Amino acid sequence: MTFSPELEAKLEKLMNSYPPGRKKSALIPMLMFTQDEVGSITQELVEEVARRIGIPTVQVDEVVTYYSMLHRKPMGKHHIQVCTNISCLLWNGDELYEHAREKLGIGHKEVTADGMFSLEEVECMGACSWAPAIQVNYDFHHHVTKEKLDQIIDSLRKLR
Amino acid sequence: MLFNDPSPLEVKILTRRLGLPNSASIETNLANGGYKSFEKALEMTQDQIIQEVKDSNLRGRGGAGFPTGMKWGFVPRQSPKPKYIVVNADESEPGTCKDRVLIENDPHLLIEGCLIAAQAVGAKAGYIYVRGEYRYLIGILDKAIGEAYARGYLGKNILGRGVDFDLYTHTGAGAYECGEESALLESLEGKRGQPRIRPPFPAVAGLYQCPTVLNNVETYCAVPSIIEMGGKAWAALGIPKAGGTKLTCLTGHVNRTGVYELPLGFPVEKMINEVGGGIRGGKKMKAFIPGGSSCPVLTGEEAWPLTMDYDSMAKAGTMLGSGGVIIMDEDTDMVKAALRIMHFYAHESCGWCIPCREGTAWLKKLLTRLNEGVGTAKDVDLVGDLADNMLGKTFCPLGDAAALPTASIVRKFRHEFEAKLARAQAAVPGMANNPFAIV
């Protein structure tokens, strides 16, 4: 598998970040960075990462099944993550999540038919003082109301 | 950028550069006292640095509150193995969003803290483990690290003083458990984030089984001001036994939610009413969590007279924790709150040990039923018993973190569970024993 030159440069820097003989440390960052480009953790990607680090594929699978941000299936182009944990719940994060479900017509970890959006009810994302919060891919949005959520989704739709 | 206006009651030590134009750049940092403490530390012996940190009474700001100077003192400096600095930037404790503010606005403060820690124990390399959700902070940190290398504060022969130190960022991928120090190390070695048997502690056998200093972001960020002011002067900012300031995240039902730097020992009432602008809508405070959802919950009446420090909170049967204050007003449904908290721990339990894996799953089932109005008063007792039976029986603190808030909510707000059951069962006869209602 080959990746974009930018990603290859990033992976090279990553592999040089650990002491000799400790290449396995690069595993989780490598999966995160390559997933961003490939879209999900495919079997081909598992084999490629295992080959580059020099470990059996089972050691990659062990990690993929553990971490919640590593996905076997592709998520939407815009992955909407709504926090409903306690501090967001106290500012009606649960109602915001229900609103997102209705608006997008999909449930937890589902993808719209056009592949544009996916939705996930997530645990605390570290935006507790600016609740309720959502993340679209890696971008934070704070103090999100239903109207603000509609605006975010509508403007992303126009981007296509 | 800052997310909330500062409060005039803050004592801005760690956050003093926040709000300056381009506060994350090395130019702003250097023009406002940055790296001066590291230069001072270069003139000090390792024992002197560790003594200042001990004198400061700084305790770990991630939640456990272990004395930092003592932790550094445990590192066997004579060991022939390499020593490492690891930063826990896996900020995941519900209610906590302070490390993000520090890194985003003053990443060089963290780098300087790491440099001083490295100097204290003779470490040549360090890793900043950043939770996966905080990807944008990796960009900010990598830029700052690049600036520090270019100015000779990182790399080989730092400032011509014959000291070497390399610093790297490392992303996690979504796992609360990786905030536990030994699970973080497993993750940093490319494995599932499951805890290790301790002892040995990371100070002796940490990253790659080598001596490792592992602290929270805020802990490292406190070190430059300790070296600058002297440990005793820094301690005097707080109260006896709890030195300095603490970044406090006000969350939940207060008017001015936000992150504020307050001296240790700050009164809860003043924090809520003056810093936080009072309870939203002029309501009463029903419940109070001092430092993240892992702490036992206090009632409003219990919390008002307390002060924000380790001893005051311990005496009240809870913990200062991470500084993630969660405030719930009189309209809060405590059954729903207990369920949401347990939903989190059941999701995040790593599955390694049985009391936690099974305990959190069963507690979530029981609380889901009770929240739907299914069950009897005996089931409320069962929640308390289950939580008690997890306490102290799990491999790492996650089991306690799940059990403590749950046990405290069912004991202090038992009437709410009973009222919810009564309401549901008055509406639907037979609900208590409805086998089809089991979820």
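A crossing of two helices is called left-handed if the near helix is turned anticlockwise from the far one by less than a right angle, and right-handed if clockwise. With that in hand, here are some close-up views of this predicted model.

**View 1. Two helices cross in chain A.** Helix 6 of chain A passes helix 7 of chain A in a right-handed crossing. Two packed helices are described by the angle between their axes and the distance between the axes. Here helix 6 (residues 93-104) and helix 7 (residues 146-159) of chain A pack at about 40°, and their axes are 10 Å apart. On the helix 6 side, the contact is formed by L96(A), H99(A), A100(A) and K103(A), which face K146(A), L149(A), D150(A) and I153(A) of helix 7 of chain A. Sorted by class, this contact holds four nonpolar, one polar and three charged residues.

**View 2. Chain A is assigned two domains.** Domain 1 of chain A covers 5-64, and domain 2 of chain A covers 78-159. Between the C-alpha centres of domain 1 and domain 2 of chain A there are 29 Å.

**View 3. An open sheet in chain B has the strand order 3-4-2-1-5**. Its five strands show mixed pairing. Strands of a sheet pair through backbone hydrogen bonds, either parallel or antiparallel. At the edges stand strand 3 (155-158) and strand 5 (212-216) of chain B; each has a single partner strand, so one side of each is left without a neighbour in the sheet. On average, and with direction ignored, neighbouring strands of this sheet are turned by 20° against each other. Look next at strand 1 (residues 84-89) and strand 2 (residues 125-130) of chain B, which run parallel and are joined by six bridges. Among the residues here is V87(B), whose bridge partner in strand 2 of chain B is I128(B).

View 4. Helix 9 (residues 217-229) of chain B lies across strand 1 and strand 5 of chain B, at about 100° to strand 5 of chain B.

**View 5. Another open sheet of chain B has the strand order 7-6-12-9-10**. This sheet also has five strands and mixed pairing. Strand 7 and strand 10 of chain B are its edge strands, each pairing on one side only. Strand 6 and strand 12 of chain B pair in the parallel sense over four bridges, and L250(B) stands opposite V325(B) in strand 12 of chain B. Strand 9 of chain B pairs with strand 12 of chain B in the antiparallel sense, over four bridges; I289(B) has I326(B) of strand 12 as its bridge partner. Strand 9 of chain B also pairs with strand 10 (residues 298-299) of chain B, antiparallel over two bridges, and there F288(B) stands opposite L298(B). Strand 9 (residues 285-289) of chain B is mostly covered, with five of its five residues buried.

**View 6. Chain B meets chain A.** In this interface, 49 residues of chain B are in contact with 35 residues of chain A. The elements of chain B that give two or more residues include helix 7, strand 4 and helix 8 (181-188). Helix 14 of chain B supplies the largest share of the side that touches chain A, six residues. By class, the residues on that side of chain B are 19 nonpolar, 21 polar and nine charged.

Notes. Residues numbered from 1 in each chain as written. Chains lettered and ligands numbered in written order. Predicted model: local features only at pLDDT ≥ 70, side-chain atom pairs only at ≥ 80, totals over all residues. Domains from an automatic or database assignment. Pairing = 2+ DSSP bridges. Axes fitted to C-alpha atoms, helices over the stretch in contact; angles between N-to-C directions. Contact = placed C-beta atoms within 7 Å. Nonpolar A, V, L, I, M, F, W, Y, C, P; charged D, E, K, R; others polar. Buried ≥ 20, exposed ≤ 12 C-beta atoms within 10 Å, placed from the backbone.
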